[in-house]
Amino acid sequence: MSYENPDVPHEVNVSRDNALVEFLRLLAGVALVVLAIAAVLYLAGGWLARRIPFATESSWVGDRVLGIDVAPTDARDEIERYLQALSDDLAAAMQLPDSMSIRVHYTQADIPNAFATLGGHIAVTSELYRLMPSENALAMVLAHEIAHVKARDPIAALGSGASLALVFALVSGEADGLAPRLAGLVQLGYSRSVEREADREAVAALRAHYGHAGGGASLFEVLAEQQHPVTGALPTFLSTHPADAERIDELKRAAADWDAARRPLTPVRVPWDAGD
Amino acid sequence: VEGIIQIGIFVVLLAVGWFAGRAAEKRHFRELAETEASLRDILVFNERRLPPGGKFARATLVVGSVVIAEDYFKRIAAGLRSLVGGRITVYESLLDRGRREAIVRMKQEARELGATMVMNVRLETASMSEDQSGRAPMFSAEFIAYGTALVPDRRS
């Protein structure tokens, strides 16, 4: 018997595929699956959140206005009462369900902005109020935000955002700092279709309240003028919303039958510097 | 911004792992081919009994061991692969290098003893990946090859 070691082909133990190509293919596949899961959870989170009763949502937040610090201003009381009364009229015109209530907050800020947050709270900044050319424009802002509350958009944004944050935490393995971030999610922009729907509701509310939809488009024209001369940044109210010409056109179309001479715009009843 | 920095660090680590790891692997395979060729005359078998009729002066235990670490690219690629299952090809080459290097070192020890044959060769692998917390910060493995070196009787 002879003992020998023949030449061994070592390659049999190792796959000779390109590791980088394989890695990229795997990465793409896994990313696709994670994205699909994120999309499903995003939609499911929003869908489920809308099914939370408004009373429950209100009891969660109470008097807190999430997403903004309500800074007191000198003229706050008077303007806030005026905004609240206008909102109540609009809410009635929009047939807001009895179970829902709107609370308007007037807050000191240098950026023109308005938004609806959890619990039916609506915040209007002093800068936005100062820029309003007419009560009709102001009503357009308020009605738009009331439409968001009516459609449960803030809590849907929270539900969707929370689902996304969950996916992110699962993927990255970091659950710290998840909770504080949730509050900020309410401020995430809404999709174009949601904004358009809110615009439509707001126009209908203007019609019901004033008998015409005039003055709504002027709001956006005024805001567009506030565009930063250097950075080109738009005011927050516009930039988190679809700030396209299409939207302004739609509002102008809605007001096409309005005769400005016969039905003048209502002026803002409480001047922005009422407290001075 | 923080997220972009984190992704940037990740991509840099991945690139370092890919280029450095690939260079090290290529060099190792080249060295292995050379040393294996020079040690061809030392025969290794996993047979437990002595060859019949052989005349040997000495029988000694010889051991060769090596520890090989993965690189960052292999680690991430293996992690991805273990999500979906299948062959972890990036580790195949790592373990192949370890086994061959251990045998080469064992043969070198046998050569210093003047042996021509190593019988009853065994290979063992130990993962050194886990620390005390049970997490696996980095995968590395020890490969150990041992056997009975037979030194021929020169007088016969």
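This is a predicted model: local features need pLDDT of at least 70, side-chain atom pairs count only at pLDDT 80 or more; totals for chains, interfaces and linings use all residues.
View 1. The strands meeting here are S3(B) and S4(B), which run antiparallel and are joined by nine bridges.

**View 2. The four-stranded sheet of chain B is open.** Stepping back from that pair, we can follow the order S1-S3-S4-S2 in chain B, with mixed pairing. Which strands form the edges? They are S1(B), residues 43–44, and S2(B), residues 56–69, and each pairs on one side only. S2(B) is joined to S4(B), residues 140–152, by 13 bridges, and these two strands run antiparallel. To find your place along this pairing, look for Ala69(B), which stands opposite Ser140(B) of S4(B). While you are looking at the strands, keep in mind that side chains in a regular strand alternate between the two faces of the sheet.

**View 3. Helix H3(B) lies across the sheet of chain B.** This helix lies across S1, S2, S3 and S4 of chain B, where S3(B) covers residues 117–127. How does H3(B) run relative to S2(B)? The angle to S2(B) is about 150°.

**View 4. Helices H1(B) and H3(B) cross each other.** Two packed helices are described by the angle between their axes and the distance between the axes. Here the axes of H1(B), residues 2–38, and H3(B) come within 10 Å and cross at roughly 35°. Is the crossing of H1(B) and H3(B) left-handed or right-handed? It is left-handed. On the side of H1(B), the residues that meet H3(B) include Glu25(B), His28(B), Phe29(B) and Leu32(B). Among their counterparts in H3(B) are Leu94(B), Arg97(B), Arg100(B) and Val104(B). Sorted by class, the contact of H1(B) with H3(B) has five nonpolar, five polar and seven charged residues.

**View 5. The second largest pocket has residues of chains A and B nearest its centre.** Its volume is about 790 Å³. The lining of this pocket has 28 residues, and those nearest its centre are Val8(A), His10(A), Glu36(B), Val44(B) and Ile103(B). H1, H3 and S3 of chain B each supply at least two lining residues. Which of the elements gives the largest share of the lining of the second largest pocket? That is H3(B), with six residues. By class, the lining of the second largest pocket has 14 nonpolar, four polar and ten charged residues.

View 6. Rolling a probe the size of a water molecule over the atoms shows where empty space is left. A search of the whole structure finds one cavity of 30 Å³ or more, and about 60 Å³ of space lies in the largest cavity. Its lining includes Ala19(A), Glu22(A), Phe23(A) and Leu26(A) from chain A, together with residues of chain B, among them Ala77(B), Arg81(B), Ile88(B) and Val90(B). At least two lining residues come from each of H1(A), residues 19–50, H2(B), residues 72–84, and H3(B), residues 89–113. H1(A) gives the most, with four residues. The lining of the largest cavity divides into seven nonpolar, one polar and three charged residues.

**View 7. Chain A has an open sheet of three strands.** The strand order is S1-S3-S2, with mixed pairing. S1(A), residues 103–107, and S2(A), residues 114–117, stand at the edges with a single partner strand each, so one side of each has no neighbour in the sheet. From one strand to the next, the twist averages 20°. Four bridges join S2(A) to S3(A), residues 121–125, and the two run antiparallel. Ala114(A) has Val124(A) of S3(A) as its bridge partner. Helix H5(A), residues 135–150, packs on this sheet and touches S1, S2 and S3 of chain A. The direction of H5(A) makes about 20° with that of S2(A).

Methods. Residues are numbered from 1 along each chain as its sequence is written. Chains are lettered from A and ligands numbered from 1 in the order in which they are written. Side-chain values use heavy atoms; hydrogens and water are left out. On a 1 Å grid over the protein atoms alone, a cavity is a set of points where a 1.4 Å probe fits but cannot get out, and a pocket is an open set with protein on both sides within 12 Å along at least five of seven lines; lining residues have an atom within 4 Å of a point. Grid points are joined across faces, edges and corners, and a volume is the space filled by probe spheres set on the points. Ala, Val, Leu, Ile, Met, Phe, Trp, Tyr, Cys and Pro count as nonpolar, Asp, Glu, Lys and Arg as charged, and the others, Gly among them, as polar. Axes are lines fitted to C-alpha atoms, for helices over the stretch in contact, and angles run from 0 to 180 degrees between N-to-C directions. A crossing is left-handed if the near helix is turned anticlockwise from the far one by less than a right angle, and right-handed if clockwise. Contact means heavy atoms within 4.5 Å. Two strands pair if DSSP finds at least two bridges between them.
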